[in-house]
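Trainee: Could you take me through one part of this model in detail? I would like a close look at how the two chains meet.

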Amino acid sequence: MSVALRRNAATRPRERLGDRVGDFAIKALCALACLVVLVLIVDIAYKVISGAHLAIAKYGLHFLTASEWKPNFDRFGAVTLLYGTAVTSGMALVLALPIGVSIGLFLSLLAPQRLRGVIGPLVEMLAAIPSVILGLWGIIVLAPAIRDAEPWLHRTLGFIPIFGRPETTGASIFTAALILTIMIVPIIASISRDLFLTVPRELQDGAIALGSTQWEVVRGVILPSTASGVVSAAILGLGRALGEAIAVAQVIGAGNLIHTSFFESGDTLASRIALQFPGALSKLHFASLFYLAVILLALGLLSNLAAQLIMRRFDPQRAHAR
Amino acid sequence: MTTAEATWDPAAPLVPTGNLRRRLIVNRIAVGGATLAAVAAVAVLGIVTWTVFHKGASQLSLGFLTHNPPRFPGQPGGGIAPAIVGTAVIVALATAMAMPLGVLIALYMTEFARGSRSAAFMRVVLDLMNGLPSIVIAVFVFGLVVVGHGQSGYAASIALAIIMLPLIARSSQEVLLLVPGQLREAADALGVRRWRTVLGVILPSAMGGILTGTLLAIARAAGETAPVLILCSIFSPGIHLNPFSVGQGLDNIPITVFTGSEQADPASQARAWGAAFVLLAFILFTSLGARALLNRNRRRLSG
């Protein structure tokens, strides 16, 4: 036994101290990096909630139903902002989902190979435009154009209450929703393109062999087999729209009232933080803005988790992909 | 059923009729709609970039890039030199923080915990982090370092690093997964220790991909406005280089665009367009270049 051991030790490459330390050090460093991220994400939640402590203690959940936001009188409530957030991101999603999915279909199935190589990166470029530049374009170019279109929209679609009386500036919920649409279309488009490319070729060929048109292949094969993925792409886009602060702050007009008409000004959770944080008046004002961030944090985490769960739960093929 | 065969006319032209015709029309509408959607997206991209280039290019000159802005925002002329320098400093510091961390996390997920539960868990955490609104990250960093101390360049860098971290980690992970297993096996067969394999074989062969992923993250971070608005929007005129001077932010490009868009006077707006032009040109070139490099690397790695 001891002989075997000795021989083993002789043939084994000499193990230097540096090697053992190096092996341990790099593994420890990597694990440490992961730990830092975990601590970071917990600390984000902790710091944001503790910053909101004052407002949470004072208002509790009534904060979500109170409509007044008067920093001068230390009265704060988030219902207008919740409404503005819901309406802008909802409208953006309603517009962006069909457009994004159509672009995904175009890029994965319909377009000739060479065109895909051009249009795909262009759509991704659209996602690379910073929100502040989209906002600048929105307030200086898009808003006046919408202001000029408002009378016409009101005349033709005025029977729907959201197309209310034309306003004077063009800075409105409507403009903000359009800017958000531009921001989330590329997200939905690139996710759904990747999804549609995973649909097995044989299924599509089978449908075509049975005499389906391209649209019937899409309706009957592609969309049903990727529905869960499309839903999670939509949720990811929604999450992005909910949390966008800067572009919305530039074009929404910072209103304080709830209006049915989309041509009126409004405000969202994120844009209110962006606009008032730099000049907050009191401790309670700061805490209320932190409270808004808590709501946003919860919405962001929930939408992201929901998207991931849906992707996994209903689509084992993609969940095991990596 | 029976009359159809009876009235069959061999001389009739072969055109779709009835139901098939309806289906073909529906198909054409659907295909046309999808094409239109793609064209619309490209058109919006074209309109936005064209506007920025059209309105910004007229501002652009050597003086615009090298001069300070005028003392009072309403005055015409002046440049955005402090903003360019400030953004460069902030983003460089953020990259210096995010890149090592991101690469280490990617290494952990691919080299030390591949396929394990902890790697899957890290992936979920990184995706969650990527989904956090940047304004929430800004508010967090405000509570972390700005409260009681004052704004500073490094506060903005920390926030940008948190935004960049998941992007760098995920793209590095994707590239590391493409490194062929034979390389690891060959290194193992030669008796090379793991840490030497990682540093000497795996990282060098994935370095191109990691760098392009980092470039994409830089392009994203350079345009983030919410963090710099909350953490780094108070600064004195002139060029500053030190991000660590507490109570003294650094001028930067996104803030120049943001404040310019909020102001009514034409001189500020013109400066905003000029700054937007510089920013957009930088971002588009960086991300286009990074994408081209990424494709080349991916092809080379996957053989």
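Mentor: Happy to. Let's begin with buried area, which is the accessible area (1.4 Å probe) that two parts lose on being put together, summed over both. By that definition, chain A and chain B bury about 6900 Å² between them, with 79% of it on carbon and sulfur atoms. Bear in mind that this is a predicted model, where local features need pLDDT of at least 70 and side-chain atom pairs count only at pLDDT 80 or more, while totals for chains, interfaces and linings use all residues. Residues are numbered from 1 along each chain as its sequence is written, chains are lettered from A in the order in which they are written, and side-chain values use heavy atoms, leaving out hydrogens and water.

In terms of contact (heavy atoms within 4.5 Å), 74 residues of chain A meet 77 residues of chain B. The rule also finds three salt bridges across this interface, each a side-chain nitrogen of Lys or Arg within 4 Å of a carboxyl oxygen of Asp or Glu. The side chains of D23(A) and R193(B) form a salt bridge, at 2.9 Å from N to O.

Of the contributors, α2(A) gives the most, with 21 residues.

Key
Helices (H or I, at least four residues) and strands (E, at least two) are DSSP runs, numbered from the N terminus.
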